[in-house]
Amino acid sequence: MFESLKKKFSRTSDKLEEELIEEAQEENNLEEESGKKFSFFSFGRKDKKEEEDSKSDVAEIPQEVENIQETDTSDDETSDDKDEKSGFWSFGKKSSDNKEEPQEEEESAEEIQEEEEPKKSHFWSRNKEEDTEESEDADEKTEEKKSRFWSRNKDNDSSEENDEDEEPSGMFSFITAKTISEKHLEDILWELEMGLLEGDVAMEVASAVVDSVKDDLVGRKIKRSNDITEYTYNALRNAVAEIIDIPGKSMTEMIEAKKAQGEPFVVMFVGINGTGKTTTIGKLANYYLKKGYTPVIAAADTFRAGAIEQVNYHADKVGVKLIKHQKGSDPAAVAFDAVEHAKAQGKELVLIDTAGRMQTNTNLMDEMKKIKRVAKPDLVVFVGDALTGNDATQQASKFNEAIDLDGVILTKADADSKGGASLSIGYVIKKPILFLGMGQGYDDIKEYDADWMLNQLFSESGEEVNINEA
């Protein structure tokens, strides 16, 4: 989900890092630091396993140190003994020579004398070869160090290849701490704002995000390149958290409150044609049926005969009662009858389907207002298609002006790569998102949770989405 927004957020961090490092280069204020560069999304992970592993590593350190000390001591003792026995020339011998020393002691003095000259020549030739190899190794290490300083994407050794939280690239620090100024952010935040607008994020939302990030970052002191990534990540996450967290009770809580009064909870659904409104009603009927409630559906879209057949199909599939009249009958009367049926039968939930209409159709908008007056719904919900982006936000605004919405349900959220509607719609109309449609099946609907949404926006690309998460 929201791959486009994720890329834009990550790009903002990368651009700021490039800006500060380039400036530090010109000022001779940059040096390489041991360590690895963290990825943008790694700061959002809560890896308890790593913490446990870290604790276990700390617990094992004393034993490891003790073992090392014992090993070093034994090595020193062995070395001292060998020095006393072998003398100066023994330092040039290979380990295999040392292993053969007991046999050599048994050899005659003549044999030792005969082998002495070859051993000496071998000693000097081997030292020359080692000196050459050491010289070449030193040159290679020097060259590698020079190239690695500026190579930020160099592969690490094999022991670090499977580290998912860190990128295998060099980390840099500033000799004198850098302070983020408005000058550093000017072009970067402009690019971010343009990117958000291209992703169908509403203008006022894009501006709010940019202003929040700017306020958060300006004046920050940076010592390491990882600090840039972390501060940018937190600034963006905090800005988005304020945007998507619109206060409001969950629909389930409201049903329970109305049930305690002995009354059914009445929900009226509005929106334009083709957004998945009728399918969403079927999903909600199934959702609350499984929670132990008894819903009833009102087929108040009498404008089209096909609409009555469609909602009837969903009601039969899910297994709930449908209240319907003939095509062309008064939709307000259908809604009223459904409410009365729920009261008489002790059912807790009434779901009213209305005709899809464009926000510019005055006659149908007036009809919708009449249904609201007659049925007196506890909740008026706008159903919008997440894939339409900013259009869904504009439609919700018009419906809100006409009928005063109480909440929003976004369909096809699982297929939304941009995330513009999910980020904007609640903030613009100041009404909460209640549910997200996450697929084609009746079980593919999720009660909206701002924390869950935030994690989806700031999770690693390709991370699996679980609609059953709390």
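Tutor: Strand E11 (residues 407-411) is mostly covered, with five of its five residues buried. Buried means under 20% relative accessible area, against over 50% for exposed and partly exposed in between (1.4 Å probe, protein chains only). Strands (E, at least two residues) and helices (H or I, at least four) are DSSP runs, numbered from the N terminus. The model is predicted: local features need pLDDT of at least 70, side-chain atom pairs count only at pLDDT 80 or more, and totals for chains, interfaces and linings use all residues. Residues are numbered from 1 along each chain as its sequence is written, and side-chain values use heavy atoms, without hydrogens and water.

Take the faces next. In a regular strand the side chains alternate between the two faces of the sheet. In E11, Gly-407, Ile-409 and Thr-411 are buried on one side. Val-408 and Leu-410 are buried on the other.

Now the neighbors. Strand E10 (residues 379-385) runs parallel to E11, joined by five bridges. Two strands pair if DSSP finds at least two bridges between them. Gly-384 has Leu-410 of E11 as its bridge partner. E10, helix H14 (residues 390-403) and E11 form a right-handed β-α-β unit. Right-handed means that, with the strands pointing away from the viewer, the path from the first strand over the helix to the second runs clockwise.

Strand E12 (residues 433-437) is also parallel to E11, with three bridges. Val-408 stands opposite Ile-433 in E12. The chain passes from E11 through H15 to E12, again in a right-handed β-α-β crossover.

Helix H15 (residues 420-429) packs against helix H7 (residues 203-217) at about 100°, with the axes 9 Å apart. Axes are lines fitted to C-alpha atoms, for helices over the stretch in contact, and angles run from 0 to 180 degrees between N-to-C directions. H7 and H15 are therefore roughly perpendicular, a term for angles of 65 to 115 degrees. Glu-204, Val-205 and Ala-208 in H7 meet Leu-423, Ser-424, Tyr-427 and Val-428 in H15. Contact means heavy atoms within 4.5 Å. The contact residues divide into five nonpolar, one polar and one charged.

Finally, the sheet. Its eight strands are ordered E8-E7-E9-E6-E10-E11-E12-E13, open and with mixed pairing. Strand E8 (321-323) and strand E13 (445-447) are the edges, each pairing on one side only. The twist averages 25° from one strand to the next. E12 and E13 pair antiparallel over three bridges, and Gly-437 has Ile-445 in E13 as bridge partner.

Key:
Parallel < 35°, antiparallel > 145°, perpendicular 65-115°, else oblique. Nonpolar A, V, L, I, M, F, W, Y, C, P; charged D, E, K, R; others polar.
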